[in-house]
Amino acid sequence: MSTLLQLEPIGYIKTPFLEPAGTPIQPSRARGARGTVRLEPQYVEGLRDLDGFERIWLIYWLHKAAPPRMLVTPFLDTREHGVFATRAPARPSPIGLSAVRLVAVQGNVLEVEDVDMIDGTPLLDIKPYAPEFDCYPGSAAGWLDEVSAGRRLADDRFDGGRR
């Protein structure tokens, strides 16, 4: 059974990265990369008490992602894996998730660091990062446990099919 979902952005993310290629791979490899999140005015009240959190989860639409593929070669490996065992953007529902550093809340604008998304990314939701709930040190990470994590920037393998 198929259910049609309709999502409306609650805002947009501004970053220095204009295209997927050259964008940092994950926030941990984007240290210091600054951006802003501009919420639509009707959502400002929902930001109350957010300024006490060091990190927040940004949930967003990967609007420049390649068409979905069930087998992908992710940025951090040279072998093919099932898309659901990766964070590759070529997904059936191209939703991104990043734990970014919250620098400031000013009206409907959030200043953030460690951004790994491209400029103009539609924001779907914000959730607080809570170490008690979100951190599981020592967890097994499948194939990622076997690869070198030296790569920091994305290349053009998921550029929306413009190759």
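Reader: Let's start with a pairing: which residue in E6 is the bridge partner of Leu58?

Author: That's Ser98. Keep in mind that this is a predicted model.

Reader: What makes E3 and E6 a pair of strands?

Author: Two strands pair if there are at least two bridges between them. Seven bridges join E3 to E6, so they count as paired, and they run antiparallel.

Reader: And how do you know that E6 and E7 pair?

Author: The cut-off is again at least two bridges. E6 and E7 have five, in the antiparallel sense, so they pair too. In one of those pairings, Leu102 has Val112 of E7 as its bridge partner. The two strands form a hairpin with two residues between them, and Gly107 in the turn has a positive phi of about 65°.

Reader: Why is Trp61 called partly exposed?

Author: Buried means under 20% relative accessible area and exposed means over 50%, with partly exposed in between. Trp61 has 30% relative accessibility, so it counts as partly exposed. Trp61 lies in strand E3, which covers residues 55–61. Together with Leu7 and Ile95, Trp61 forms a nonpolar patch on the surface, with about 260 Å² of accessible area between them.

Reader: Then why is His81 called buried?

Author: The cut-off for buried is under 20%. His81 is at 11% relative accessibility, so it counts as buried. His81 is found in strand E5, residues 81–82. Setting aside neighbours within four places in sequence, His81 is in contact with Met70, Leu71, Val72, Pro74, Thr86 and Trp143.

Reader: Which residues have the most contacts inside the largest nonpolar core?

Author: The core has 21 residues, and those with the most contacts inside it are Val37, Ile56, Leu58, Leu110, Val112, Leu123 and Ile126. Strands E2, E3, E6, E7 and E8 each give two or more residues to this core. E3 gives the most, with three.

Reader: What is Val37 in contact with, beyond its neighbours within four places in sequence?

Author: Val37 is in contact with Tyr12, Ile13, Leu58, Asn108, Val109, Leu110, Val112 and Leu123.

Reader: How many residues are in the other core, which lies apart from the largest one?

Author: Twelve, among them Ala66, Val72, Val83 and Ala88.

Reader: Why might nonpolar side chains gather like that?

Author: In soluble globular proteins, nonpolar side chains tend to be buried together.

Terms used: Residues numbered from 1 in each chain as written. Predicted model: local features only at pLDDT ≥ 70, side-chain atom pairs only at ≥ 80, totals over all residues. Heavy atoms only, no water. Patch = residues over 30% accessible without salt bridge, like charges linked within 9 Å, V, L, I, M, F, W, Y side chains within 5 Å. Areas by Shrake-Rupley, 256 points an atom, 1.4 Å probe, with all protein chains shown as cover. Salt bridge = Lys/Arg side-chain N within 4 Å of Asp/Glu carboxyl O. Helix = DSSP H or I, 4+ residues; strand = E, 2+ residues; numbered from the N terminus. Buried < 20%, exposed > 50% of the residue type's maximum accessible area, 1.4 Å probe, protein only. Core = buried A, V, L, I, M, F, W, Y, C linked by side-chain atoms within 4.5 Å. Contact = heavy atoms within 4.5 Å.
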